Amino acid sequence: MRVLAPNLALGNPVLAKHANIVPHCADVFEKLVREAGAPEGAWTNLFISTDQVADLIADERVQGVALTGSERAGSAVAEQAGKHLKKSTLELGGNDVFVVLDDADLDEAVRQGVQARLSNCGQVCTAAKRFILHEKIADRFISQFSAALSSVTLGDPLDEKTTLGPLSSSDARDRLVKQVDEAVAHGAQLVTGGKAVAGVGCYYQPTLLTGITPDNPAYYQEFFGPVAQVYVVGDDQAAIALANDSHYGLGGSVWTRDIARGRKLASAIETGMVFINSQSDTSAELPFGGVKRSGYGRELSDLGIKEFANQKLVVVAG
């Protein structure tokens with residue numbers, strides 16, 4: 001919808017190559033678009049292999065390409081689009097920070113921090129993944145945060161009592177298992193969780209890791225699941241330095257009662273979006289996108305609708 005809406009308004013038809021694990025969702029979406037009254041051809045699903053995407057981008061009828069996906073997929077798509085001089089936008093991974101300063105509303109930061117890490121089982125590009133805590137409140141935050149993680153209810157996402165559903169696939173779960181095991185093998189400490197859940201469904205325990213150093217592979221990795229990394233810093237400058245020591249730059253949040261202090265930190269953090277006293281969010285009127293390996297271009301707002309518009313200057317003399 002984030003791609004369709006602005007392009008439909010511009011008159012651009014959209015061809016969509018969905019992720020291989022969601023063909024039914026793609027089919028339902030196309031039917032809903034037609035049911036809503038969009039003209040024939042406004043949205044067309046392409047049930048094709050990944051190998052066929054390059055030929056599709058090369059087709060002269062295709063004018064641009066927008067990708068939501070992994071860094072690896074983004075690199076391949078950008079290469080092909082650039083080869084054929086076609087506009088592209090990339091919405092890729094993230095390793096967003098959740099910075100909690102010493103004057104923050106701790107209870108609210110913990111409450112929203114848990115939501116920001118566990119929403120959709122942590123499978124959100126703008127999910128809070130690296131929790132950077134001021135040393136004065138670190139112990140209290142970790143105690144409350146780990147207790148909240150341990151109290152979640154795993155189960156069927158359609159059950160209202162469930163607070164944590166499964167990962168999207170067995171591959172996603174196995175990748176997370178490997179990442180956490182590797183992090184611990186390189187010196188990270190497990191505060192809570194750290195195991196896949198046996199039985200039906202691809203579930204993983206809510207997990208909290210501390211003691212991650214720059215030489216640990218986990219330091220620069222995105223954990224696409226319910227795994228939180230916690231770091232402790234002594235001051236604002238250390239928080240900024242740690243936040244920016246990342247290959248990604250999508251979103252993030254800063255928690256403080258001093259809004260001027262929060263704005264200063266937000267301005268210094270190298271990401272496309274920062275929220276003060278709120279977890280990262282998205283709305284149609286707010287531009288969405290990142291920097292570094294999180295991609296380029298913007299979705300939503302006036303910036304999003306301009307991405308695939310040809311802006312022309314016409315001058316009438318005299």
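Is W43 buried or exposed? In this predicted model, W43 has a relative accessibility of 13% and therefore counts as buried, since buried means under 20%. The residue belongs to strand β2, which covers residues 43-45. Its side chain makes a polar contact of 3.1 Å with the side chain of N45. Apart from neighbours within four places in sequence, W43 is in contact with L4, V14, A16, F29, E30 and V33. From W43 to D181 there are 138 residues in sequence, and the C-alpha atoms of the two are 42 Å apart in space.

Next come two helices. Two packed helices are described by the angle between their axes and the distance between the axes. Helix α5 spans residues 106-118 and helix α6 spans residues 138-150; their axes come within 10 Å and cross at roughly 45 degrees. The two helices are therefore oblique to each other, and their crossing is right-handed. On the α5 side, the contact is made by L106, D107, A109, V110, G113, V114 and L118, while α6 supplies R140, F141, Q144, F145, A148 and L149. Sorted by class, this contact has 9 nonpolar, 2 polar and 2 charged residues.

The loop between α6 and α7 (170-185) holds T162. With a relative accessibility of 17%, T162 counts as buried, again because the value is under 20%. The side chain of T162 reaches the backbone oxygen of D156 at 2.7 Å. D156 is also among the residues in contact with T162 when neighbours within four places in sequence are left aside; the others are T153, L154, G155 and P157.

Terms used:
Residues are numbered from 1 along each chain as its sequence is written. This is a predicted model: local features need pLDDT of at least 70, side-chain atom pairs count only at pLDDT 80 or more; totals for chains, interfaces and linings use all residues. Side-chain values use heavy atoms; hydrogens and water are left out. Axes are lines fitted to C-alpha atoms, for helices over the stretch in contact, and angles run from 0 to 180 degrees between N-to-C directions. Helices (H or I, at least four residues) and strands (E, at least two) are DSSP runs, numbered from the N terminus. Angles under 35 degrees count as roughly parallel, over 145 as roughly antiparallel, 65 to 115 as roughly perpendicular and the rest as oblique. A crossing is left-handed if the near helix is turned anticlockwise from the far one by less than a right angle, and right-handed if clockwise. Contact means heavy atoms within 4.5 Å. Ala, Val, Leu, Ile, Met, Phe, Trp, Tyr, Cys and Pro count as nonpolar, Asp, Glu, Lys and Arg as charged, and the others, Gly among them, as polar. Buried means under 20% relative accessible area, exposed over 50%, partly exposed in between (1.4 Å probe, protein chains only). A polar contact is a pair of N or O atoms within 3.5 Å; within protein, one must be able to donate a hydrogen and the other to accept it, and residues adjacent in sequence count only if both atoms are side-chain atoms.
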